[in-house]
Amino acid sequence: MSERFRYITLATSLPHLGSLFSQAKVPLSEFRLKQRVKMLSPEHQRLLNRVIEVTAWSGVARFSNDQEVIRLAKAVIDDLKDNPTLQDLVRARMETRTAIAALRRRHDGQEDAGTISEWGFGRWCRQIETHWTDPGFGLSHFMPWISEANRLIQAGEHIAMERLVLGEVFSQLDHYGAGHEFDFEAIVIYVLRWIIVERWSRYSTDTARERLETLVGDILTPPSAEDTARENPRPEEVLS
C-alpha cells in the first residue's frame, strides 16, 4: 500500500472529535488511536512524538526550566523542516505559552519582563518587554484573547481561564489544519486535538482548579520530575 493511500485510509478511519467543550466522552479510545497511528511511517511516528513532546503539557512538564523547553522547541522546529505548517504550529504554541507565562509572572508581582530571552519564545518577546504594564502587552490586536486571560488571572477565575486557553489552542489547530485532510499534518493535528479533548473530558469541577494551577502556574516552569513521572506519561508513551 502506498504511503498516500495508507494515510488516506488512516485519516478517514478517525472519528470526528466535534467541538472542544461539547464532548462528555472522547469518541476514540487511546488504545484505538495508538493502533491507528501505527499506520504512519517510522519517521512520521518519530516526528509526531516530537511535536507532542513540545506542544502537549505532558511533554513540556518533563523539563526543569524554561530554557530547556525553548531549546527543545527550536530543535523540533528544525526537525520539521519538511513540514512548514507544523513548524508554524509549534511556533504559535510557544508564543501562546510565552504570553501566558508573562501574564502569570506579572500577576505574581514581577515588575518587568527581566531577561525575557531566558523564558520567552517568538516574535512577541520585545513587545511584551516594552509594554509590560499594558493589560494585553500591546498584543490585543494579534491575540484578542489575551486581555480576557489577564482579567481571569487577576480575578482568580481558574476554570474559566483554563477553558479560554484550551479554546484558543483548539482554534489554532483548526487554523493550521485548514488545507490538510489526508496527509501527515492532518494526522498530527488530529492527535493534538484528541489530546486536548481527552484532557478536558477527564476534568471535573472538583479537580479543575488544581489542574489549572499546574497548567498556568507551570506553563514554562514545570513541576518536579517525580511529580511529572507520576502524573504525565512520556510523549512516546501517549502515542507510540
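Begin with the aromatic rings of this predicted model: three aromatic pairs are counted.

Select Trp-119 and Trp-132 first. Their rings form an edge-to-face pair, with 6.4 Å from centre to centre and 75° between the planes. This pair links distant parts of the chain: Trp-119 lies in the loop between H6 and helix H7 (125–130), Trp-132 lies in the loop between H7 and H8, and the two are 13 residues apart. Trp-119 is buried, with a relative accessible area of 4%. For Trp-132, the relative accessible area is likewise given as 4%, and this residue is also buried.

With the three residues shown together, a cluster of Trp-119, Trp-132 and Phe-137 is seen, linked by ring pairs.

Now turn to the helices. Select helix H6 (residues 84–107) and helix H8 (residues 146–155), which pack at an angle of about 35° with their axes 10 Å apart. The crossing of H6 past H8 is right-handed. To view the contact, display the side chains of Ala-99, Leu-103, Arg-104, Arg-106 and His-107 on H6, together with Ile-146, Ala-149, Asn-150, Ile-153 and Gln-154 on H8. Colouring these residues by class will show five nonpolar, three polar and two charged residues in the contact of H6 with H8.

Notes: Residues are numbered from 1 along each chain as its sequence is written. This is a predicted model: local features need pLDDT of at least 70, side-chain atom pairs count only at pLDDT 80 or more; totals for chains, interfaces and linings use all residues. Side-chain values use heavy atoms; hydrogens and water are left out. Axes are lines fitted to C-alpha atoms, for helices over the stretch in contact, and angles run from 0 to 180 degrees between N-to-C directions. Helices (H or I, at least four residues) and strands (E, at least two) are DSSP runs, numbered from the N terminus. A crossing is left-handed if the near helix is turned anticlockwise from the far one by less than a right angle, and right-handed if clockwise. Contact means heavy atoms within 4.5 Å. Ala, Val, Leu, Ile, Met, Phe, Trp, Tyr, Cys and Pro count as nonpolar, Asp, Glu, Lys and Arg as charged, and the others, Gly among them, as polar. Rings of Phe, Tyr and Trp (its six-membered ring) pair if their centres lie within 6.5 Å; planes under 30 degrees apart count as stacked, over 60 as edge-to-face and the rest as tilted. Buried means under 20% relative accessible area, exposed over 50%, partly exposed in between (1.4 Å probe, protein chains only).
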